[in-house]
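Hi there,

As promised, I am passing this structure over to you. Please have a look when you get a moment.

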Amino acid sequence: MTLLNDLLNILFPPKCHVCDGQLATHERFACTRCLSKLPRSGFHRRKLNPMEERFAGIFPFRRGTGYFLYSRGSAVSTLIQDMKYRRFPSIGNMLGEIAATELMEEGFFTGVEVIVPVPMHRWKQMNRGYNQTHRIAAGISSATGIPVSLTLRAIRSHRTQTALSRDERLANTSGLFRVKDPEEIKGRHVLLLDDVCTTGSTLISAAEAIWQSEPSDLTLFTLAVTF
Ligand SMILES: [Zn+2]
């Protein structure tokens with residue numbers, strides 16, 4: 001197998017998904033230079049940051065951040081699109097680990113006891129073959145040692161959000177999730193995790209289901225956030 005991999009690497013040297021430059025042997029998916037240049041939001045250092053503002057007064061939470069700034073056509077969106085739609089789920093592990101390593105140094109995960117990724121409806125997941133939020137959660141878990149729970153389930157599929165107004169999006173995502181085993185949530189400080197925060201309607205629906213299981217606290221994390 002190694003010989004075959006070596007041969008494949010010689011015939012098709014792996015390239016950076018962002019700049020198309022050839023990767024060094026220790027690099028995967030993106031070169032160190034492109035990864036270091038991805039825009040960080042720095043939201044976790046700001047009181048009532050622009051992501052937290054989307055949820056203030058809607059449900060209680062301790063703090064929230066989206067780690068990278070997301071804009072259309074950017075390097076961040078290239079990596080996230082490749083992770084979600086082009087069968088590179090391991091990009092999720094990599095970016096989750098990078099974000100967690102940097103956030104952990106600043107105490108963002110202090111007190112968090114369990115990581116709960118937002119699920120996809122199972123038909124959608126079967127079709128895609130993986131759920132990228134599980135991969136991001138695994139990356140965060142490997143950096144922080146905090147366990148992951150897959151107890152949040154999608155109970156119905158929602159229509160695609162893009163053509164909907166804000167109010168329609170909120171109605172479209174209400175009652176989407178349920179907690180399968182409330183004991184995994186009850187009395188614990190939950191980190192609710194998703195890939196990208198745009199309007200926040202998915203996280204609102206997920207938080208609604210989490211709070212029904214009586215966690216002790218809730219922190220919100222997305223890999224990227226629109227701004
Ligand atoms: Zn690059």
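Below is what came up, starting with the sheet and ending with the cysteines.

Please keep in mind that this is a predicted model. Its sheet is open and has 4 strands, in the order β1-β6-β5-β2, with parallel pairing. The edge positions go to β1 (63–70) and β2 (114–117); each has a single partner strand, so one side of each is left without a neighbour in the sheet. From one strand to the next, the twist averages 20°.

Helix α3 (residues 75–85) lies across β1, β5 and β6, and runs at about 100° to β1. Helix α4 (residues 90–104) also packs on the sheet, where it touches β1 and β6. The direction of α4 makes about 125° with that of β1.

Now for the cysteines. How many disulfides does a search of the whole structure find? The search comes back with 0. Cysteine 197 has a relative accessible area of 2%, which is under 20%, so this residue counts as buried. Cysteine 19, in contrast, is partly exposed, because its relative accessibility of 42% falls between the 20% and 50% cut-offs.

Happy to talk any of this through.

Best wishes

Key:
Residues numbered from 1 in each chain as written. Predicted model: local features only at pLDDT ≥ 70, side-chain atom pairs only at ≥ 80, totals over all residues. Heavy atoms only, no water. Pairing = 2+ DSSP bridges. Helix = DSSP H or I, 4+ residues; strand = E, 2+ residues; numbered from the N terminus. Axes fitted to C-alpha atoms, helices over the stretch in contact; angles between N-to-C directions. Contact = heavy atoms within 4.5 Å. Disulfide = S-S within 2.5 Å. Buried < 20%, exposed > 50% of the residue type's maximum accessible area, 1.4 Å probe, protein only.
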